[in-house]
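These notebook entries record what I looked up, topic by topic. I begin with charged pairs and then turn to strands, helices and overall totals.

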Amino acid sequence: MAFGDLMATRFPQSSVAVSNHFDEFSSREDGDFGGYRRDSETASSSSGNAVGTSTMSMASLPQTVVLCELRHESFEACVPSGPSESGLVSKWRPKDRMKTGCVALVLCLNINVDPPDVIKISPCARMECWTDPFSVAAPKALETIGKKLQDQYERWQARARYKLQPDPTVEEVKKLCSACRKYAKSERVLFHYNGHGVPKPTANGEIWLFNKSYTQYIPLPVSDLDSWLKTPSIYVLDCSAAGNIVNAFIERKDWNSSGSSGSSLKDCILLAACEAHETLPQSAEFPADVFTSCLTTPIKMALRWFCSRSLLRDTLDHSLIDKIPGLQSDRKTLLGELNWIFTAVTDTIAWNVLPHDLFQRLFRQDLLVASLFRNFLLAERIMRSANCSPISYPMLPSTHQHHMWDAWDMAAEICLSQLQSLVEEPYAEFQPSPFFTEQLTAFEVWLDHGSEHKKPPEQLPIVLQVLLSQLHRHRALVLLGRFLDMGPWAVDLALSVGIFPYVLKLLQTTASDLRQILVFIWTKILALDKSCQVDLVKDGGHIYFIRSFDSLHAYPELRAMAAFVLAVIVDGHRRGQEACIKADLIHVCLKHLQLATLHEVQTEPLLLQWLCLCLGKLWEDFPEAQIIGLQADASTICTPILSKPQPEVRASAVYALGTLLDVGSDSPRDGIGGDEDCDDDQKFKAEISIIKSLLNVVSDGSPLVRAEVAVALSRFAFGHNKHLKSIAAAYWKPQSNSLLNSLPSLAIIRSPSGGYTNTSQYMQHGSAIPSQIGPVMRVGSDSISGGRDGRVSASSPLSASGIMHGSPLSDDSFHHSDSGILVNESSSNGVINYSRPKPLDSGIYSLCVLAISTLAKDPSPHIAGLGRRILSIIGIEQVVTNSMRFTGGSVRQGDATAIPAPHLAGLARSASWFDMNGGHLPLTFRTPPVSPPQQSYLPGMRRVSSLEFRPHVLNSPDSGLADPLLGSGGTSGTLERSLLPQSTIYNWSCGHFSRPLLTAADDNEDSVARREEREKIALDCIARCQHFPVSKLSNQIASWDTKFETGTRTALLQPFSPVVVAADENERIRIWNYEEATLLNSFVNHDFPEKGISKLCLVNELDDTLLLVASCDGNIRIWKDYSLKSKQKLVTAFSSIQGHRPGVRSVNAVVDWQQQSGYLYASGEMSAIMLWDLDKEQLVNSIPTPSETSVSALVSFVSLYGLGYIFNFCFFEEHK
């Protein structure tokens, strides 16, 4: 019952205080109804301001909300996409990882000889590589400086090959460059040039070297240098006017881009000490090679510069800086922590200032380049204080005044304040800096207030650095998890900053306190990017998640996430499948499924869902895994999951069972015997069990489940198309009624003993299958058991099955059939046939054919399309026709204008036009190039006088897609298998982990606020109605023309707004605002409206209202946004009537909706009332009715006194 109808029954004329007396009423053992009425009358007789003083609780209004899950948003509109192969926002994974393989160190110092263009001050900067070149003899000093420079570089790249060339000639530099490139091959070469002992580079970009006797300076053009060194390369230019060289390289790049030959500057990086017009600092407070010192010894240089400007300058001896205890690689020491903080600060500055693609190239592609650019930021800060501006190519924005330098200064000061005591007392305890704790706190503050639309958190690189520390690791991981939960954009940012290798390495830890957050983080990463599966398998990471998943002590949500990660690992990844099978994942999953079903433990639905999906991905297209699953009796273990109340769980179980079905081998298998025959027998038995289980849910109330059933049946149809085609042709062979043997109804399933068992025992599955297949025409040659007269031979598998009322081919069902079918038995026009040792039970094939035909007429357009594609696999094709109705013994054919057939793979259009009793889905086997059939071929059909046939020409313009895709038997089966309908449940389910999981409660605040507002409006309307004078029916409120050509069939008024919904005989629905007489929206309920609408109902009236449209054939379609022009969306659709009474032409369905319980009642020309739970989207009960009557009306409502009882009133019509 709709909420508007509920008001009339729940709140009679004067009752506004029902909930006030609930406790009083429920405590009365004598059931004093009179007392309740007196109290109610007293309350209603109060003053006229009842609206303001109404004490009725909002809890008395319907609280049940249905059909508002994610799967209802756009199931019909789009195909969901699972995890991407790469980042959705940016390409976070560097495609061209690189390393610097060779380093050329060119020192042009010419000690004791000043260059002619340099005038030095006194005192002047003298230190080179922290060595005074005048303290020893010039040759010795040059050797010492070169060795120290090499040591300084090796600290950043120890594995590179170093070549030193002091005071070289042009020829020596050429040999050096050629040797470096030859050794490095495609790796990067670093060219370090110290030009302190030669003139400045020229304006043309020439650097100066020496002649052999050191009597002249020889210029070397950068074009020559570039041609020798080639790319990829990086140049460090420590000389005055270094900008000239950078400018020359840029000009060379522009010249090359105009079409001239030469080396490309794309992979060329330059770091220059100053601009073209500048000279290097000569102040004695700096070393002479201040630029090189910043790049290669940043901590020492940064502390010396800081100490000269801080309050410590008078108390701290600068010589102590050289005695800082510890190692740069040991973060538990003072030197190690300083280096760690410096790395975090410079990374953070670069991350927040540079474009992400440039950050990736300079700070994540090459370890040595990343270190040099971090240190370059320090060089800019220090040298700008001396009026010198280091430059680079690619150019970087200015960073010397970034506020993170203040954080570095504070951390440096705190560390240096301990320096003297640590040097004097070696065993003194080092106190770590609060830098990382404070930065994590700042990150946490951002998480509390930040969002996708605000500036990203600048502390993200620091969080990455903190992961290296055991002290802060757990807190950093928790905060990182919160950040990743904000959406795919956050995951992409974290991956771009370089978090992936860190969290990958953490999977090697055995710390139990990190397991939950690590699983969560990897869930978020894999929900965005599937390509990480390769790295996980390569590093053995799948073992970590199998252990997490197999732990019974873990939270169910954690185990579900671990199952999701494992499912992504094996998704389309053969190595992942093999690794997980080796780790016994199949038996682990089946064990937990069995525990969930045998002991009836209340298992988390999400865990059950991902158990099934993980198994399905393991089995998908992997025969070895399928065999292991079948041997472990997986089909029996998974079948009970089909009755679970959650549609996603049921759909996942269907998917898992479907992946166990064999789609056929690529080569004929006839003649196989021996042990393999025995294995095949077991396999066929398992397939029979799986198909029986799938047939039980072919009419499930959820389109999500039925779509998976269709996909599974398509796999079965492809592998068994030869037998299915033969069965279909045999059953649909026209015969006289006295000889007609119908195939078994879909309401019966063959039991293991060989008999058929009524599926009412499976009623809890919501699985009784409707029988709606119409009569069949047969054209072409006989290729199965059966004579030309249409009789079935004794050897036919059909001869043993008896006729049953309501079955598709019984005489009763013929009168109300919905489709015509044309059978073509020409094997050359069908799908490639894969041979098997023997067919399955013919009864199973019969049920499968009927199930597929039922799916082809599903009220959901998406599933109906899947069903038609499966029919095409067994040779039945769609023909879209205009309506033609039987009149006596002939057909009155409509306008023969073709309606464009939908573009569905595997379907072909035919020029044969016919119709069987106005069915909405005419089907046909392709007509082969033969003569039109003779009348003797059609003895069992009602006479059809106007049929058009045309020879089917292969590859003709309107032959559709069937010929090239499903053509001759000589085609390879790989292409055909790829064209089978694909499952969507996995991709739908992956979407769950892409959305926020930690803030779900906050997301519901808006919907709760909207509901509260609508509840207030509802209570206000109810109260006003109770005090509104009774109006006579003659008082007209509104009048307008609905403009239906066939008149209005049914109408529905919205209770709290001036809106009316009306529908006509052709199921066209129009929504009007009756106060303004304006049309809000108009649409057709479905594409082949011929049955009419029996009822309209409103669902979720106090929330996002949905429109339930019940057709006379029992099909239910529920729409959202139905009042918005051209914005209506189909939320769900299903058939509420399962079977019908024999001898009737129409189901004449009647339905009623009960919002409080979420139940839909449906009946008609049948002996039961079907009870559907729309929250579970499942048939939960079937209430028997007298066999000689049919239900003509249904009314249901909740008990007046709120006791929770639901009363149903049924009006019966006796059959005469």
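**Entry 1. Salt bridges**

I take a salt bridge to be a side-chain nitrogen of Lys or Arg within 4 Å of a carboxyl oxygen of Asp or Glu. The model is a predicted one, and I keep that in mind throughout.

I looked up Lys591 and Asp550 as the opening case, and their side chains meet in a salt bridge with an N to O distance of 3.0 Å. This pair links distant parts of the chain, since Lys591 belongs to helix α26 and Asp550 to helix α23, 41 residues apart. I then checked accessibility: Lys591 is partly exposed at 38% relative accessibility, and Asp550 is partly exposed at 27%.

How many salt bridges does the structure hold? I find 27.

Next I looked up Arg304, which forms a salt bridge with Asp322; the closest N and O atoms are 3.2 Å apart. Arg304 has a relative accessible area of 25% and is partly exposed. Asp322, at 43%, also counts as partly exposed.

A further pair is Asp347 with Arg374, for which the closest N and O atoms are 2.9 Å apart. I place Asp347 in helix α11 and Arg374 in helix α13 (residues 367-384); the two are 27 residues apart, and the pair links distant parts of the chain. Are these two residues buried or exposed? I note that both Asp347 and Arg374 are buried.

I also recorded a network of salt bridges that links Lys530, Asp571, Lys617 and Glu620.

I asked which residues of helix α25 (residues 574-582) are buried. They are Gly576, Gln577, Ala579, Cys580 and Ile581.

**Entry 2. A six-stranded sheet**

I traced an open sheet of 6 strands, in the order β2-β1-β3-β6-β7-β8, with mixed pairing. Its edge strands are β2 (161-166) and β8 (391-393), each of which pairs on one side only. Direction ignored, neighbouring strands of the sheet are turned by 10° against each other on average.

Within the sheet I examined β6 (residues 233-238) and β7 (residues 268-272), which run parallel and are joined by 5 bridges. Ser233 has Cys268 of β7 as its bridge partner.

Which strands does helix α6 touch? Helix α6 (residues 170-184) packs on the sheet and touches β1 (100-107), β2 and β3 (188-194); its direction makes about 170° with that of β1. Helix α7 (residues 222-229) lies across β3 and β6, and runs at about 140° to β6.

**Entry 3. A hairpin**

I looked up β17 (residues 1048-1053) and β18 (residues 1059-1064), which run antiparallel and are joined by 5 bridges. The two strands form a hairpin with 5 residues between them. Across this pairing, Ala1051 stands opposite Ala1062 in β18.

**Entry 4. Cysteines**

How many disulfides does the structure hold? I find 0. I checked two cysteines for accessibility: Cys532 is buried, with a relative accessible area of 0%, and Cys990 counts as buried at 2%.

**Entry 5. Totals for the protein**

The secondary structure comes to 41 helices and 30 strands. Of the 1216 residues in the protein, 56% are buried. I also looked up contacts between residues at least 6 apart in sequence, and 72% of these join residues at least 24 apart. The protein exposes about 51100 Å², of which carbon and sulfur atoms supply 52%.

Technical notes. Residues numbered from 1 in each chain as written. Predicted model: local features only at pLDDT ≥ 70, side-chain atom pairs only at ≥ 80, totals over all residues. Heavy atoms only, no water. Buried < 20%, exposed > 50% of the residue type's maximum accessible area, 1.4 Å probe, protein only. Helix = DSSP H or I, 4+ residues; strand = E, 2+ residues; numbered from the N terminus. Pairing = 2+ DSSP bridges. Axes fitted to C-alpha atoms, helices over the stretch in contact; angles between N-to-C directions. Contact = heavy atoms within 4.5 Å. Areas by Shrake-Rupley, 256 points an atom, 1.4 Å probe, with all protein chains shown as cover. Disulfide = S-S within 2.5 Å.
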